[in-house]
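This report looks at charged pairs and at one helix packing in the structure shown here.

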Amino acid sequence: MMQDRGGAGREVTVIGAGIIGVCCALWLQRAGFDVTIVDKNEPGNGTSFGNTAMITPSQVVPQSMPGLWKDLPRWLMSSRSPLKIRPGYLPMIAPWLWEFHRAATVENAIRVHRSLRALHGGTFNLYAELSRSTPAENFFEMCGHMHLTVQGAKSRSSELAGLMREAAGVVIEPLSQDDIRALEPRLAPIFKSGVLMPGSGRCRNPHRLVQIFAQEAVRNGARFIKADVNGISVENGRCVSIDIDGTRTPVQRIVVAAGMGSRALTGKLGIKVPLDTERGYHVTVPDPGFRPERQVIVREWGIGVGPIDDALRGAGTVEFCSVNAKPNWKRANNLLKRMKEIYPSVNTEGATLWKGDRPSISDGLPVLGRPARYQNVYCAFGNAQHGMTAGPMMGKLVAEIVSGQATSIDVAPLSPDRF
């Protein structure tokens, strides 16, 4: 019987059926474990449902960078800003924002950069391994991302960000206004400059990808339970059972990979992590009339646009509010307006709106690993806007940690005990 240092058996319960959870399940199965996946929703119906399908190994720059806070007043005062804080939520988010501000140092930015580079750099290869001989085998395309600007001005942190990308070997091709139009003729002639990152790409349909991975896990013997985890019972430093919709269910190991739901679960375990939501919105038009060759990101507007199968989706912005707060659909409608500004010829008939709560840690890194106070509890959450990119490596690392193996990358900076 396979055992880790905690002395548990070979059964693992993964709480969460988003991209992180299903990747954990697949890698754990490959390591010889029996897996149960528990989620109150169908696989992929949480935050994994609504992203822009971008796969970004080039994402090696932290969100909290030196100089970022100088832009905050301008963002908060603009009616079309990509950042909003609901007034009633400010007292709740203030501690998270303070820690986020404290992380905006050169030293911390470099530390976070190194971990992001390790987490994201091999994502296409890992996805190829997980999807081989499955219906998702041809879901991935290294199409390149265009980062465009209307203003033509560099951000205050661009020099440090450039050094980080250079250190990570990220290829960047500068784009003039004419280059932009030549690459994507349907773009509006408003973008003055930009860059192309040819090493980044996309997934054809992220929701379908998670569904396929979950189906593969079940085909390989996993159980999927559609239910809510209401409680966790602990004895002598071990999780002995979880409450699934009122039924006490014994467990040998648990992996907490529930996105924003991880905050309540870790809270039940007495594990305090600075996890909060960066609520985002999306708009999807089912018949746009064309399919762009590349993903387009306009940082000034906080929007990314790209195809989902034959549809076209615009997603982004950050709204700090309670996970239970009603959606502000005005923000989603603003994304639709921005999409029309980016692609004036897009057909927006039949557009659908969506919101999701992206789980974000204040220091810019996810939480991954076993808390020292527990022998059989493992964490894998907090990837903010980059869960699709980090998913396969997060899952592989969880399987390595549960197995007691040496990990593929240094996971010490991701420890749940670092706070």
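In this predicted model, Asp 363 forms a salt bridge with Arg 418, their closest N and O atoms lying 2.8 Å apart. The pair joins distant parts of the chain, since Asp 363 sits in the loop between β19 (352–361) and β20 (367–369) while Arg 418 belongs to the segment after α11 (387–403), 55 residues apart. Asp 363 is buried, with a relative accessible area of 13%, whereas Arg 418 is partly exposed at 24%.

A search of the whole structure finds 15 salt bridges, among them the following.

| Pair | Closest N and O atoms |
|---|---|
| Asp 363 – Arg 418 | 2.8 Å |
| Asp 309 – Arg 204 | 3.1 Å |
| Glu 99 – Arg 102 | 3.4 Å |

Asp 309, in the loop between β17 (303–308) and β18 (311–320), and Arg 204, in the loop between β9 (201–203) and α8 (206–219), are 105 residues apart. By contrast, Glu 99 and Arg 102 are separated by about one helical turn because they are three residues apart in helix α3 (residues 90–102).

Turning to helix packing, α1 (residues 19–30) and α5 (residues 123–131) pack at an angle of about 65°, with their axes 11 Å apart, and their crossing is left-handed. Helix α1 contributes Ile 19, Cys 23, Leu 26, Trp 27 and Arg 30 to the contact, and α5 contributes Leu 126, Tyr 127, Glu 129 and Leu 130; these residues divide into seven nonpolar, no polar and two charged.

As for confidence, the chain averages a pLDDT of 93, with 96% of the residues scoring at least 70, although over residues 1–6 the pLDDT is below 50.

Terms used: Residues are numbered from 1 along each chain as its sequence is written. This is a predicted model: local features need pLDDT of at least 70, side-chain atom pairs count only at pLDDT 80 or more; totals for chains, interfaces and linings use all residues. Side-chain values use heavy atoms; hydrogens and water are left out. Axes are lines fitted to C-alpha atoms, for helices over the stretch in contact, and angles run from 0 to 180 degrees between N-to-C directions. Helices (H or I, at least four residues) and strands (E, at least two) are DSSP runs, numbered from the N terminus. A crossing is left-handed if the near helix is turned anticlockwise from the far one by less than a right angle, and right-handed if clockwise. Contact means heavy atoms within 4.5 Å. Ala, Val, Leu, Ile, Met, Phe, Trp, Tyr, Cys and Pro count as nonpolar, Asp, Glu, Lys and Arg as charged, and the others, Gly among them, as polar. pLDDT is the predictor's confidence in each residue, from 0 to 100. A salt bridge is a side-chain nitrogen of Lys or Arg within 4 Å of a carboxyl oxygen of Asp or Glu. Buried means under 20% relative accessible area, exposed over 50%, partly exposed in between (1.4 Å probe, protein chains only).
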